[in-house]
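Dear colleague,

Please find below the structure that I am handing over to you. My notes on it follow directly after.

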Amino acid sequence: AQDFPQGKHEELKKLIESGDQSIVIVDVQPKGAYDLGHIKGAINFPWAATLKSHGNLPKDKTLILYCDCAHEEDSIDVATQLKENYGYTNLKLLEGGWSKWREAGYPLEKNK
């Protein structure tokens, strides 16, 4: 298993509030789950056993991936595929994922 750095929720919240342009938050949940709620500003890039493309995710920014898994399994899998198949290097995982973010009451959005 690949070992990716993990980011803390408080750090990500500060980056969002400061308008940091060096990060892209990536929600790897299915579109239906993303539409029901996601971290403010996150883009949806659903997990797949085999990713067909890198979805034009920028390589010059740090991608912060999150899912709603017990141990970030889907995020780790997407990050591993992006690294091995598409050469991405700036990858981080959000520790605790979506459920921890919600529990903390941090900013989220829904697609109506």
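**Aromatic residues**

Tryptophan 101 and tyrosine 106 are both buried, where buried means under 20% relative accessible area, exposed means over 50%, and partly exposed lies in between (1.4 Å probe, protein chains only). Please note that this is a predicted model, in which local features need pLDDT of at least 70 and side-chain atom pairs count only at pLDDT 80 or more, whereas totals for chains, interfaces and linings use all residues. Residues are numbered from 1 along each chain as its sequence is written, and side-chain values use heavy atoms, with hydrogens and water left out.

Searching the whole structure gives two aromatic pairs.

**Overall architecture**

The protein has four helices and seven strands. These elements are DSSP runs numbered from the N terminus, helices being H or I with at least four residues and strands being E with at least two. Their order from the N terminus on is β-α-β-α-β-β-β-α-β-α-β.

The radius of gyration of the protein is 13 Å, which agrees with the value near 13 Å for a compact globule of 112 residues. The radius is taken over C-alpha atoms, and the globule rule is 2.2 Å times the number of residues to the power 0.38. The C-alpha trace spans about 35 × 30 × 25 Å along its principal axes. Of the 112 residues, 37% are buried. Among contacts (heavy atoms within 4.5 Å) between residues at least 6 apart in sequence, 70% join residues at least 24 apart.

**The sheet**

An open sheet is formed by five strands in the order E1-E6-E5-E2-E4, with parallel pairing. Two strands are taken to pair if DSSP finds at least two bridges between them. The edges are strand E1 (6-7) and strand E4 (43-44), each of which pairs on one side only.

The individual pairings are as follows:

- E1 and strand E6 (residues 91-94) run parallel and are joined by two bridges; glutamine 6 stands opposite leucine 93 in E6.
- E2 and E5 pair in the parallel sense over five bridges, and aspartate 27 stands opposite tyrosine 66 in E5.
- E2 and E4 also run parallel, joined by two bridges, with valine 26 opposite isoleucine 43 in E4.

Strand E2 is mostly covered, five of its five residues being buried. Ile23, Ile25 and Asp27 are buried on one side of E2, and Val24 and Val26 on the other. Helix H1 (residues 9-17) lies across E1, strand E2 (23-27), strand E5 (62-66) and E6, and runs at about 120° to E2. Axes here are lines fitted to C-alpha atoms, for helices over the stretch in contact, and angles run from 0 to 180 degrees between N-to-C directions.

**Individual residues**

Asparagine 56, in the loop between E4 and E5, has a positive phi of about 60° although it is not a glycine. Asparagine 56 is exposed, because its relative accessible area is 70%. Glutamate 72, in the loop between E5 and helix H3 (73-86), likewise has a positive phi of about 60° without being a glycine. Glutamate 72, however, counts as buried, because its relative accessibility is 8%.

Alanine 104 lies in the loop between helix H4 (97-103) and strand E7 (108-109) and is partly exposed, with a relative accessible area of 40%. Its C-alpha atom is separated by 8.5 Å from that of histidine 9, 95 residues apart along the chain. Glutamate 17 belongs to helix H1 and is exposed at 53% relative accessible area. The C-alpha atoms of glutamate 17 and proline 107 are separated by 9.6 Å, with the two residues 90 apart along the chain.

With kind regards

How values were computed:
Phe/Tyr/Trp six-rings, centres within 6.5 Å; stacked < 30°, edge-to-face > 60°.
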